[in-house]
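Try each task before you read its solution.

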Amino acid sequence: MPRARASSPGETGGAPERLTVAGREIAVSNPGKVLFPSPGHTKLDLVRYYLAVADGALRGAGGRPTVMVRYPNGIGGEHFFQKRAPASRPPWVEVVTIKFPSGRSAEEVVPRDAATLAWLANLACLELHPHPVRAEDLDHPDELRVDLDPVPGVEWDQVRRVARVVEETLAEFGLTGWPKTSGSRGLHVLVRIEPRWDFGQVRRAALALAREVERRAPALATSKWWKEERHGVFVDYNQNAKDRTVASAYSVRPTPDARVSAPFRWEELEGLDPREFTLASMPARFAASGDPHAAIDGRADSLEALLERSARHEAEGEGDAPWPPQYKKQEGEPTRVQPSRARKRKPAQEPPDPDEKTRDSS
């Protein structure tokens with residue numbers, strides 16, 4: 001992949017570089033600005049990366065309202081999640097209005113083509129965080145997301161072993177999982193589903209799956225929300241709650257080596273090393289082997305079997321599990337108080353406020 005001339009301290013990154021993408025002209029401002037100091041990757045390198053993997057990146061985020069994660073001064077500077085599309089944008093950049101659980105709303109970018117990806121990269125948007133819905137139907141997710149999040153100290157081999165349990169569990173429920181590295185320490189498994197269920201139902205299905213994975217591998221995985229109760233690899237069912245997003249396939253992550261969230265094939269899992277997938281290496285892999293998720297949109301699975309298992313869990317006394325603290329109290333949700341704090345409460349004390357917040361924002 002061609003490299004731009006890196007800027008030196010005090011430089012702005014040079015004159016704009018003009019690219020023609022899908023018939024549209026993209027002006028890359030400060031193309032030589034360094035975003036990744038160690039390998040020296042510049043903003044123009046980022047733009048060219050997203051163009052090289054555009055088909056795959058659009059398969060992950062295309063057609064979906066997307067939160068931008070921007071690093072205007074590189075990974076060593078401040079970053080921010082930008083939900084609202086910039087007011088100053090080309091007329092061909094599509095947006096859709098998203099309504100959040102808080103009651104607020106925002107126009108979010110909907111990537112449709114490589115030109116939009118290049119425009120986003122010019123904003124120093126490293127990560128694409130799409131919602132699990134299409135712009136045409138914002139109320140019914142077409143993707144269930146399995147987020148495997150290792151607790152501190154857990155090595156990659158354990159994440160890999162839990163991923164294999166996830167694959168087997170999904171298959172038992174008639175679901176096809178499409179794995180990718182998170183670009184950090186974890187792993188994601190995506191499941192394309194029929195857009196028949198609302199966010200609450202999809203989250204309950206994800207919770208049922210997390211509990212099944214924990215049941216099959218209790219020493220390796222957990223579905224426990226509270227950090228003090230977790231061990232091994234946390235199967236984060238709450239990533240399926242409305243307004244939660246994860247880095248999409250081919251997103252660049254803010255690691256010193258410019259690692260990316262890399263789709264892979266299940267048969268690659270045993271020998272997989274996430275460190276091998278970077279902004280520098282991924283274009284060659286993509287050109288040589290194509291996108292491992294090329295067929296992901298070929299089928300949409302049903303959640304009926306998982307929802308039946310969720311109903312069985314509830315009938316057996318295992319109902320809902322905690323939601324993230326920024327969400328309002330849900331019907332059937334257990335009390336939001338850390339287990340250690342709950343144990344310290346004396347019987348004479350009044351019961352805790354069911355809407356009590358916690359600092360645990362995991």
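**Exercise 1: a sheet and its helix**

E143 stands opposite R192 in β12. This is a predicted model, where local features need pLDDT of at least 70, side-chain atom pairs count only at pLDDT 80 or more, and totals for chains, interfaces and linings use all residues. Residues are numbered from 1 along each chain as its sequence is written, and side-chain values use heavy atoms, leaving out hydrogens and water.

Solution: 
1. Start with β10 (residues 143–150) and β12 (residues 187–192), antiparallel strands joined by six bridges; strands are DSSP runs of E with at least two residues, helices runs of H or I with at least four, and two strands pair if DSSP finds at least two bridges between them.
2. Extend to the open, mixed sheet of five strands, in the order β11-β12-β10-β14-β13.

**Exercise 2: two helices**

Task: work out how α1 and α3 are oriented to each other.

Solution: 
1. The axes of α1 (residues 43–52) and α3 (residues 114–122) come within 9 Å and cross at roughly 160°; axes are lines fitted to C-alpha atoms over the stretch in contact, with angles from 0 to 180 degrees between N-to-C directions.
2. The two helices are therefore roughly antiparallel (angles over 145 degrees).
3. Among the contact residues are L46 and Y50 of α1, and L117 and A121 of α3.

Definitions and conventions:
Angles under 35 degrees count as roughly parallel, over 145 as roughly antiparallel, 65 to 115 as roughly perpendicular and the rest as oblique. Contact means heavy atoms within 4.5 Å.
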